[in-house]
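Here is a set of questions and answers on one model. Please look at the sequence and the structure before reading on.

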Amino acid sequence: MPGIPISIARRRAALAKRGLVFGSAVAFAAAVGLAHSSHAASTAATASTTTTTSTSPSSQATAPNPGFGQADVAPATSSQTPSVSTGAS
Amino acid sequence: MGCDVVVAGAGEEQMGAIRSLFERRERAFSRFLPDSELNRVNRSVANAIAVSELFAETLADALRAAAQTGGLIDPTLGVALEDAGYDRDFALMRSDRSPAGRGAPGCFTAVQLRERMLSRPYGAKLDLNGVVKARAVDDALRLLPGSGFVAAGGDIAARGGAVIGLPGAGALNLRQGGVATSGSTRRRWRRNGQLQHHLIDPATGRPSGLIWSLVTVAAATCRDADVAAKAAFLLGADGPGWLDERNLPGRFSSPAGVVTNRTWQTVIGAPQAAMSA
């Protein structure tokens, strides 16, 4: 890949291998040389109990604020393969 | 920003523009580039300082986020992050035996921004990363000519539909809007044996308690989703209900399992592995 730093080219190849690069999708590191490579969260999702104990913060959260808009979102069907994954960065 | 950016739906021209956009945001808002505008502002001892239009817009949005969340997402927690030990790029951080500092509570209500003139309390350090990355994702999406998505470190904005993998397992279909996940599973370290992470309780100036490991939220924009996810994380057991009050679907992971709030169950459904909150 002429003109593309080797580290980025390797990352693109790795993403492609993981199915994260498809069609015209491409990837790059937002901070070259300092990027984390994973898009997937590491926490297992198998559930057994619900945690309810807590120290709720210190929140000064008050009345509902209408400032948040809603996404147009729906369940994914079992045949749909994720294009990309959300996770803590 | 210390993350990969993945884009679908861009040609070479748009890809270059998106790359430039992220680089500009990095140069303006990095806590780790000495010459970033953020660091110049934080070093200044002037009572009032003129900032760039981009900085002013972003700070104004960060202050809106603070108002939307009752002060949970506070843009004045720079000192608190440094006291917790997050004083260099995360890739360079190591746990060590030095104790964490005392932390400094947030003081966003004392920040004043009039057009491009900023004043803030003496000694306060801004950290706008509560909104910078997600705003960059939303702005990058606007550069796409049609359908596609932009993802940065797992925060995503999409137009025209994208199937988004969820932490651990499962997926959702994001037709339009944003999905973001906040948590402490990646950016965590130890100071003198004590666990630290980057999500600071603004009331104490210390890393928050850990009820959840990850919180995922879908909203109209990546910025909205990210702000709401961080707030819900910080709210602990009150997080699911707080999102329900705002009609935002939320998915909460903890070592004990995964729970979803009522809005998530209504809009997306409850995955087999999840339990309702």
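Q: Over how many bridges do β2(B) and strand β4 of chain B pair?
A: The model is a predicted one. In it, β2(B) and β4(B), the latter at residues 117-119, pair in the antiparallel sense. A48(B) has S119(B) of β4(B) opposite. The number of bridges in the pairing of β2(B) with β4(B) is 3.

Q: Which strands of the open sheet in chain B stand at the edges?
A: The sheet has 3 strands in the order β2-β4-β3 (chain B), and the pairing is antiparallel. A strand at the edge has a single partner strand, so one side of it is left without a neighbour in the sheet. The strands in that position are β2 (48-50) and β3 (112-114) of chain B.

Q: What does the twist of this sheet average from one strand to the next?
A: The sheet in question is the open one with the order β2-β4-β3 in chain B. From one strand to the next, its twist averages 20°.

Q: Are α1(B) and α5(B) roughly parallel or roughly antiparallel to each other?
A: Helix α1 covers residues 12-29 of chain B and helix α5 covers residues 132-141 of chain B. Their axes come within 10 Å and cross at roughly 155°. An angle over 145 degrees counts as roughly antiparallel, so α1(B) and α5(B) are roughly antiparallel.

Q: How many nonpolar residues are in the contact of α1(B) with α5(B)?
A: From α1(B) come I18(B), L21(B), F22(B), R25(B) and F29(B), which meet V132(B), A136(B), D139(B) and A140(B) in α5(B). By class, this contact of α1(B) with α5(B) has 2 charged residues and no polar ones, and its nonpolar residues number 7.

Q: At roughly what angle do the axes of α5(B) and helix α6 of chain B cross?
A: Helix α6 runs over residues 222-235 of chain B, and its axis and that of α5(B) come within 7 Å. The crossing of the two helices is right-handed. The angle between the axes is roughly 160°.

Q: How many charged residues does the contact of α5(B) with α6(B) have?
A: On α5(B), the contact is made by A134(B), R135(B), V137(B) and D138(B), and on α6(B) by C222(B), R223(B) and D226(B). Of these residues, 3 are nonpolar and none is polar, while the charged ones number 4.

Q: What is the mean pLDDT of chain B?
A: The model scores ipTM 0.87 and pTM 0.81. In chain B, 97% of the residues reach 70 or more, and the mean pLDDT is 91.

Key. Residues are numbered from 1 along each chain as its sequence is written. Chains are lettered from A and ligands numbered from 1 in the order in which they are written. This is a predicted model: local features need pLDDT of at least 70, side-chain atom pairs count only at pLDDT 80 or more; totals for chains, interfaces and linings use all residues. Axes are lines fitted to C-alpha atoms, for helices over the stretch in contact, and angles run from 0 to 180 degrees between N-to-C directions. Helices (H or I, at least four residues) and strands (E, at least two) are DSSP runs, numbered from the N terminus. Angles under 35 degrees count as roughly parallel, over 145 as roughly antiparallel, 65 to 115 as roughly perpendicular and the rest as oblique. Two residues are in contact if their C-beta atoms, placed from the backbone, lie within 7 Å. Ala, Val, Leu, Ile, Met, Phe, Trp, Tyr, Cys and Pro count as nonpolar, Asp, Glu, Lys and Arg as charged, and the others, Gly among them, as polar. Two strands pair if DSSP finds at least two bridges between them. A crossing is left-handed if the near helix is turned anticlockwise from the far one by less than a right angle, and right-handed if clockwise. pLDDT is the predictor's confidence in each residue, from 0 to 100.
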